[in-house]
Amino acid sequence: MLQEFKTFISRGNVVELAVGIIIGAAFTGIVNSLVKDMLMPPIGWVMGGIDFSNYFLNLSGGHYESLSAAAAAGAATINYGRFINALINFFIVAGALFLIVRQVNRLHFLQDSKPKAPPRQEVLLEEIRDALRARQAPAPGDTTRPGA
């Protein structure tokens, strides 16, 4: 069983998947910062100072000025503003991944469309054919064919 596990772990796909997950986690941190620190402030400003991350429904019945105040009081809340931020994060990540996959597919298509060199055997056969033709070709001004 240990040998099977070693074989499984050493396969290339597992390592590539692990690298992908690590890069994905780092990419998520970048996208979260992009949305929270770069995109949401201007969107909120354009919409009249709205801060989506502070939108919530209080289920406790009290009134709280902010989500952090409600959380400090231990109130039950539905944080739909954070959900809106998560949706925006998702669409940005999905769009970025779409662009990356599109470019990778385009590179694969370009590599596949390049004409490939013929196999070495075919090149040798063509050289032999051309040598035989050159041997049998009549000399300039000679009207008789060799071997006829």
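## Fold and elements

Helices (H or I, at least four residues) and strands (E, at least two) are DSSP runs, numbered from the N terminus. With that in hand, threonine 77 belongs to strand β2, residues 77-78. The structure is a predicted model, in which local features need pLDDT of at least 70, side-chain atom pairs count only at pLDDT 80 or more, and totals for chains, interfaces and linings use all residues. Residues are numbered from 1 along each chain as its sequence is written, and side-chain values use heavy atoms, with hydrogens and water left out.

Five helices and two strands make up the element list, and their order from the N terminus is α-α-β-α-β-α-α.

## Overall dimensions

Of the 148 residues, 9% are buried. Here buried means under 20% relative accessible area, exposed over 50%, and partly exposed in between, with a 1.4 Å probe and protein chains only.

## The largest pocket

A handy place to look next is the largest pocket, which holds about 180 Å³ of space. On a 1 Å grid over the protein atoms alone, a pocket is an open set of points where a 1.4 Å probe fits, with protein on both sides within 12 Å along at least five of seven lines; lining residues have an atom within 4 Å of a point. Grid points are joined across faces, edges and corners, and the volume is the space filled by probe spheres set on the points.

Lys36, Met40, Trp45, Asp51, Arg82 and Asn89 are among the lining residues. Both α2 (12-46) and α4 (80-113) supply at least two residues each, and α2 gives the largest share, five residues. By class the lining has five nonpolar, four polar and three charged residues; Ala, Val, Leu, Ile, Met, Phe, Trp, Tyr, Cys and Pro count as nonpolar, Asp, Glu, Lys and Arg as charged, and the others, Gly among them, as polar. The pocket lies between domain 1 (13-49) and domain 2 (51-134), because both give residues to its lining. Those bounds come from an automatic or database domain assignment.

Aspartate 51, one of the lining residues, is in the loop between α2 and β1 (57-58). It is partly exposed, at 41% relative accessible area, and its C-alpha atom is 7.9 Å from that of glycine 81, 30 residues away along the chain.

Threonine 77 is also partly exposed, at 21%. Methionine 1, in the segment before α1 (2-10), is exposed, with a relative accessible area of 86%.

## Aromatic pairs

Rings of Phe, Tyr and Trp (its six-membered ring) pair if their centres lie within 6.5 Å; planes under 30 degrees apart count as stacked, over 60 as edge-to-face and the rest as tilted. The count is two aromatic pairs. Phenylalanine 90 and phenylalanine 91 form an edge-to-face pair, because their ring centres are 5.4 Å apart and their planes stand at 65°. Both phenylalanine 90 and phenylalanine 91 are exposed.
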